[in-house]
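Please look at the sequence and the model below with charged side chains in mind. The question to carry along is where such side chains pair up and how exposed the partners are.

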Amino acid sequence: MEGFREKIKKGLGWGPGMGIVAVCAAVVLLLLLLPLLRLALYAAPWYDDYNYGKVVKVCLAQDYSLLSALKGAVECARREWWAWQGTFSSVFFMSLMPGVWGDEYYALGPIFLLLLLTFSICRLVKVLARDVLKAQWPFCVIWQAAASAMALVLVHNSQMGFFWYNAGIHYMGMHSFFLLLLASWIGVLVAERKASLPVRVLCTCVGAVAVSGANYVTTLQGLVVGISLLALAAVLRNRRAFLLLPSLMIYGYGFYKNVAAPGNMKRGVSYQGWGLDPISAIGSSFLEAFRYFGRFTGLITLTVLLLLAPIIWLAVRKLRFRFRYPGLLLLWSFCLYATGFTPSLYTLGHAGLDRTLNAVKLTLQILLLVNEVYWLGWLHGRLAGAGRLAREPKEGERIPFVFYIAVLGMALAVFMTRPNPVGGYSSWDAYDCIHKGEAYNFHQEYLERVETIKQGGSTVTVKPYGFRPWILSPDELSEDPQNEPNRSMAMWYDKEAIICQP
């Protein structure tokens, strides 16, 4: 009997190696990404996709080449800078909406956004885990998979984040470029190979041009992070701090041109009286940060952090990195997170639209994982310093397999008990939309609508969609041909008017 109990105890205490866990984490990330990529094939352009892509489409009609498309994108950014908004790099990418090459290529936009976000997070985590912490590769892969999965699956609004290219590239896309810039900045400071520094500095300069002309959440947070890194490098007497100066000077100039654009003043007339004064906007940002924290996290985020805790604990016990002043990191993190609400409060008087909140939540998700690693590393240092814990784990020490089962069971329970899982988990939303046939039927109706418009006269009447899944379709055309989305689509196909009615 005692032998049987020993076998049970030994079986419950068995755990897979970190290499196996890392491979499983990568497989899970791939499985979560696949339905999103599949759904992207059914995406259709809408409204501002046409408005910003029109200049490039006209250029391509004259000369169907990449150079012509780039010239059109630069021209569109120039026009918008003078007439509507200063976000020159965002407009540049918005005007390169893949549909300019042909309606059938629009799906490349959502696919690009999904892969760009995944790559940017993995790149940033690699720099933090391998280059800064000197952690082993299994921990790096697990952290990459967890951070990417959180960002993809728990995105605030997947429609605005990925499947409407215009909104997606303006916020999630530009925020992905910000993460790549951050990885390059940190890489300059910690890279071991000095021969790679010129290329790294060049990458920071290119990234500075892109991020300084992005939406105001991304560009403001990028400025805060860049200045913070320069100050930290100076305090730590890192001689490479001066290598950050070229990109920060470019960033400062781009930021100025962004916020001081004539188009911002013209656009501001439309929102006059909506926003708050600067001081009130900053103060209210902290209140909104508290108010949205629960909405941005919830039980499912807590479950992910709980699942990662023992893995992180095992990893930090093998590190030589000194985790000092975690309270300062937490305070800085909350301030950075709060800045995400400031631009919308200043201009609109509220926390922001869904597409804006996508970028704010992404920052919070990254900061949560960074703080979890840092605080557990600090706790281990304190316990080891007090002699309560060995500085390194025993050889072959692993996390019991039963722990993974328990936490995954908890995650399943959270998912099953949610009143309506649709709208809360993007991968599930994508699978549900495809499985029910809504995505296919919507796309077929879109193709029929486009064919009707192309074959029609100067004024075309189309029927409303019978299938309009929310994740793929932000809105519907109107019976009023002067409605802005109607006019945008009519302009795209060189029609005088498009009317949508049964």
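What follows is a walk through salt bridges in this predicted model.

In helix α4, which spans residues 66–83, E75 and R79 are four residues apart and hence separated by about one helical turn, and their side chains form a salt bridge whose closest N and O atoms are 2.9 Å apart. E75 is partly exposed, with a relative accessible area of 23%, and R79 is likewise partly exposed, with a relative accessible area of 45%.

Another salt bridge links two loops. K134 pairs with E192, the closest N and O atoms being 2.8 Å apart. Because K134 sits in the loop between α6 (108–132) and α7 (137–153), while E192 sits in the loop between α9 (165–190) and α10 (197–212), the pair ties together parts that are 58 residues apart in sequence. K134 counts as partly exposed at 46% relative accessibility, whereas E192, at 66%, counts as exposed.

A further pair brings together K436 and D432, whose side chains meet in a salt bridge with an N to O distance of 3.4 Å. Here K436 is exposed, with a relative accessible area of 52%, but D432 has a relative accessibility of 16% and therefore counts as buried, the limit being under 20%.

Terms used:
Residues numbered from 1 in each chain as written. Predicted model: local features only at pLDDT ≥ 70, side-chain atom pairs only at ≥ 80, totals over all residues. Heavy atoms only, no water. Salt bridge = Lys/Arg side-chain N within 4 Å of Asp/Glu carboxyl O. Buried < 20%, exposed > 50% of the residue type's maximum accessible area, 1.4 Å probe, protein only.
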